[in-house]
Amino acid sequence: MSIEANYILRAIAIGIGATLIMDLWNLFLKRAFSIPSLNYCLLGRWVSHMPAGTFRHASIAAAPPKPFECAVGWIAHYTIGITLALVLVILTSGEWLARPSLLVALLYGIGTVVFPFFVLQPSLGLGIASSRTPKPMQARLKSLVTHTVFGLGLYLCALGLSYLES
């Protein structure tokens with residue numbers, strides 16, 4: 001196996017693990033504080049409308065449901081997590097895999113919050129950075145903390161993989 005293929009496989013594992021850690025965080029928030037998470041079925045609905053050329057909705061909840069939207073949403077969610085991990089590995093030329101850094105992972109995780117703020121939330125009809133939600137500051141803070149947890153997950157999973165491989 002070439003080094004590049006090894007990097008890709010490790011990034012996939014790290015992306016899955018970090019996304020799972022983020023999901024566990026969101027489950028904790030839901031159970032402990034009744035703070036809901038993004039409904040990944042609605043993410044699937046959004047993705048499922050894309051082939052017909054619809055990328056933006058006034059309200060994704062009011063958009064016509066699509067077959068298998070929940071499965072599509074969960075697959076998209078984990079695919080996004082894997083893709084973000086791959087981008088981190090590419091940006092660091094794989095050096096981060098050899099010596100995972102908490103600071104790099106946290107800064108990167110925090111940086112990824114630009115995607116929900118400026119792509120996902122506006123496309124779902126929630127406005128830029130959840131500006132059209134009932135509690136925009138709470139939604140923004142939740143997104144920021146969730147993506148910070150994703151960054152922590154990237155670090156923990158990379159550290160775990162490096163430990164297993166040594």
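Buried means under 20% relative accessible area, exposed means over 50%, and partly exposed lies in between. These cut-offs sort the residues below. The model is predicted.

**The disulfide**

The structure holds one disulfide. Cys 41 and Cys 70 form it, with their sulfur atoms 1.9 Å apart. The pair links distant parts of the chain: Cys 41 sits in helix α2 (residues 40-49), Cys 70 in helix α3 (residues 69-91), and 29 residues separate them. The link of Cys 41 and Cys 70 is right-handed, with 105° about the S-S bond.

**Accessibility of selected residues**

| Residue | Relative accessible area | Class |
|---|---|---|
| Asn 26 | 5% | buried |
| Tyr 155 | 18% | buried |

**The nonpolar core**

The largest nonpolar core has 27 residues. Ile 14, Leu 43, Trp 46, Ile 60, Trp 96, Phe 150 and Leu 154 touch the most other members. Helices α1, α2, α3, α4 (95-98), α5 (102-111) and α7 (136-165) each supply at least two residues of this core. The largest share, six residues, comes from α7.

Leu 43 is one of the core residues named above. Beyond its neighbours within four places in sequence, Leu 43 is in contact with Gly 73, Ala 76, His 77 and Leu 120.

**Asn 26**

Asn 26 lies in helix α1 (residues 3-33). Is this residue buried or exposed? Asn 26 is buried, because its relative accessible area of 5% is under 20%. Its side chain makes a polar contact with the side chain of Thr 146, at 3.4 Å. Leaving aside neighbours within four places in sequence, Asn 26 is in contact with Ile 35, Ser 37, Tyr 40, Lys 142 and Thr 146.

**Tyr 155**

Tyr 155 belongs to helix α7. At 18% relative accessibility, Tyr 155 counts as buried, because that value is under 20%. What does Tyr 155 contact, leaving aside its neighbours within four places in sequence? The partners are Trp 96, Pro 100, Ser 101, Leu 102 and Ala 105. Tyr 155 and Glu 165 are 10 residues apart in sequence, and their C-alpha atoms are 15 Å apart in space.

How values were computed
Residues numbered from 1 in each chain as written. Predicted model: local features only at pLDDT ≥ 70, side-chain atom pairs only at ≥ 80, totals over all residues. Heavy atoms only, no water. Helix = DSSP H or I, 4+ residues; strand = E, 2+ residues; numbered from the N terminus. Buried < 20%, exposed > 50% of the residue type's maximum accessible area, 1.4 Å probe, protein only. Polar contact = N/O pair within 3.5 Å; in protein donor to acceptor, adjacent residues only side chain to side chain. Contact = heavy atoms within 4.5 Å. Disulfide = S-S within 2.5 Å. Core = buried A, V, L, I, M, F, W, Y, C linked by side-chain atoms within 4.5 Å.
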